[in-house]
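Please read it with the coordinates open beside you.

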Amino acid sequence: TMFDDTFIPGYAEISEPATYSLVNELEKLERERIVNALAFAHNNQTNAAHALNIGRTNLIAKMRKYKL
């Protein structure tokens with residue numbers, strides 16, 4: 001119940017709490033945003049970085065991180 005000491009709001013939405021990781025979700029989202037920006041910019045790294053509001057060297061580092 002809501003007054004139980006073990007009640008955590010929103011906990012029921014997490015289907016596998018042992019494998020859930022906020023960091024993994026953020027990295028997945030970041031990778032997806034980079035892929036979309038590169039596609040939008042026709043693989044032009046300068047334009048993709050500008051669309052993401054990050055520097056081109058930062059974009060290149062993230063591309064290496066995600067093996068893009």
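Predicted model: local features only at pLDDT ≥ 70, side-chain atom pairs only at ≥ 80, totals over all residues.

1. Residues are numbered from 1 along each chain as its sequence is written, and side-chain values use heavy atoms, with hydrogens and water left out.

2. The structure holds 2 salt bridges, a salt bridge being a side-chain nitrogen of Lys or Arg within 4 Å of a carboxyl oxygen of Asp or Glu. In one of them Lys65 pairs with Glu27, with 3.4 Å between the closest N and O atoms. Because Lys65 belongs to helix α3 (residues 56–65) and Glu27 to helix α1 (residues 22–40), this pair ties together parts that are 38 residues apart in sequence. Helices here are DSSP runs (H or I, at least four residues), numbered from the N terminus.

3. Glu30 and Lys62 also meet through their side chains in a salt bridge, at 2.7 Å from N to O. Glu30 lies in helix α1 and Lys62 in helix α3, so parts that are 32 residues apart in sequence are tied together by this pair.

4. As for accessibility, buried means under 20% relative accessible area, exposed over 50%, and partly exposed in between (1.4 Å probe, protein chains only). Lys65 is partly exposed at 46%, Glu27 is partly exposed at 28%, and Glu30 is partly exposed at 24%.

5. How do α2 and α3 cross? The axes of helix α2 (residues 45–52) and α3, which are lines fitted to C-alpha atoms over the stretch in contact, with angles running from 0 to 180 degrees between N-to-C directions, come within 9 Å and cross at roughly 95°. The two helices are therefore roughly perpendicular to each other, a label given to angles of 65 to 115 degrees.

6. Contact means heavy atoms within 4.5 Å, and by that criterion Gln45, Thr46, Ala48, Ala49 and Leu52 in α2 meet Arg56, Leu59, Ile60 and Met63 in α3.

7. Which residues of α3 are buried? They are Leu59, Ile60, Lys62 and Met63, and they lie on the same side of α3 because they cover an arc of only 165° around the axis, taken from the directions from the helix axis to the C-beta atoms. What covers these buried residues includes α1 and α2, whereas Thr57 and Arg64 are exposed on the other side of α3.

How values were computed
Parallel < 35°, antiparallel > 145°, perpendicular 65-115°, else oblique.
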